[in-house]
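I set down what I looked up, entry by entry.

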Amino acid sequence: MSTLTPFFISLEVTRSCKMNCIYCRANAKPISYENELTTKEYFDLLDDISEHFNSIIILTGGDPMERKDIFQIVEHCTKLGLYVVLSSCGHSLSKENLLKLKDAGVLRVSLTLNGVQKQTHEEISGRDGSFDEAMRAIELCKKVDMSFQIHTAVLRRNVKDLPSILELAKKLGSSGYHPFFFVPVGRGIAVEDQSLPPDEYEKLLNWLYEKRLEVDTHYEKDSVSFLDKFILRPSCAPHFSRIVFQRSKELKTSNRKDFSFEEIFSGCMAGRTFIHISHTGQVQPCGELEIDCGNIKVENFSTIWETSKTLEELKDRTKYKGKCGVCNYVKICGGCRARAYIKTGDYLAEDPYCIYKPTKLKI
């Protein structure tokens with residue numbers, strides 16, 4: 001039996017959202033959805049989680065602020081000793097709401113900037129005024145001393161803006177910058193051509209490695225603790241872990257100490273140290289890999305985590321197939337399981353976006 005535990009649990013507390021982002025994995029809309037989990041069902045779920053795991057709860061959607069009981073859910077997380085963060089589109093984040101979230105126990109809010117120019121951001125978000133709303137939300141977070149981080153959906157149409165968004169994130173006082181590498185599911189299927197080609201994907205991850213070295217060096221000089229650092233880490237980009245190890249060895253430095261996060265939560269975490277629970281209670285490896293592993297309306301999450309065949313297979317990387325199965329970096333990368341599933345219908349297949357050619361060398 002695997003000893004892996006769900007360090008991150010993403011709760012899609014609603015699919016309602018006023019945005020119309022072209023890449024949205026949930027195809028979220030500004031409507032009311034049927035059969036969403038009730039307040040009591042969330043309380044029971046959180047009770048079960050706290051009894052068995054020491055997890056960070058990520059409240060996401062849709063936009064969690066569309067739920068009237070969101071403050072109650074946060075308070076219950078806090079009462080149970082669970083760390084809780086919240087992902088928002090920004091349009092519903094007033095000063096009053098942020099103060100209530102902070103008082104309830106939210107440790108950090110994540111906000112999205114998909115461009116430094118208003119036009120780029122709003123073309124991607126599909127909502128007029130969304131750029132100003134995001135910037136306003138950032139300023140409000142600063143006023144109430146709420147920690148925030150910035151995400152960007154990495155697409156062909158905005159990839160050239162990433163250096164500028166990174167600098168803006170640092171200038172604004174963000175606690176971190178997390179470029180999300182687009183996976184074409186949900187609404188994103190219609191814009192699959194916005195995915196970066198594999199060679200550009202690799203090039204961008206190498207650039208992020210170099211930028212992160214610069215950030216870490218800066219903060220080492222200032223003697224700031226790791227928890228207070230500006231964290232630069234891509235999401236849905238498992239190859240980054242492999243690149244960290246490759247480049248650290250090439251440079252003959254001790255940089256592996258600077259990237260301890262990759263050693264603990266390396267590569268694709270879907271179904272291994274990360275799990276997603278949909279607004280209707282469906283447990284799935286991640287938001288982009290919509291495979292039904294069980295439903296918390298039927299059985300406890302802790303039971304599903306221990307007994308799901310899909311999760312059991314994802315936890316065991318010796319079961320991975322193709323190039324991923326023989327790769328010398330499989331233990332720290334594993335390839336993106338969602339992209340493998342999209343391409344082949346098999347979540348254990350090789351990642352079609354990886355250009356690395358496995359060798360017999362050991363890391």
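**Aromatic rings: entries**

I began with charges and found that Arg337 lies over the face of Tyr320, at 4.5 Å from the ring centre. I counted a charge as over a ring if NZ of Lys or CZ of Arg is within 6 Å of the ring centre and within 35 degrees of the ring normal. The charged end of Lys100 likewise sits over the ring of Phe71, 4.2 Å from its centre.

I note that this is a predicted model, in which local features need pLDDT of at least 70 and side-chain atom pairs count only at pLDDT 80 or more, while totals for chains, interfaces and linings use all residues. Residues are numbered from 1 along each chain as its sequence is written, and side-chain values use heavy atoms, with hydrogens and water left out.

I then paired rings of Phe, Tyr and Trp (its six-membered ring) whose centres lie within 6.5 Å, with planes under 30 degrees apart counted as stacked, over 60 as edge-to-face and the rest as tilted. Phe53 and Phe301 form an edge-to-face pair, 5.8 Å centre to centre with 70° between the planes. These two residues are 248 residues apart, Phe53 being in the loop between helix H1 (39-52) and strand S2 (56-60) and Phe301 in helix H10 (residues 301-307). I found both Phe53 and Phe301 buried (under 20% relative accessible area, 1.4 Å probe, protein chains only; exposed is over 50%, partly exposed in between).

I looked next at Phe181 and Tyr201, whose ring centres are 5.1 Å apart with planes at 40°, so the pair is tilted. Both Phe181 and Tyr201 are buried.

Lastly, I recorded that ring pairs link Phe53, Phe301 and Trp305 into a cluster.

Conventions
Helix = DSSP H or I, 4+ residues; strand = E, 2+ residues; numbered from the N terminus.
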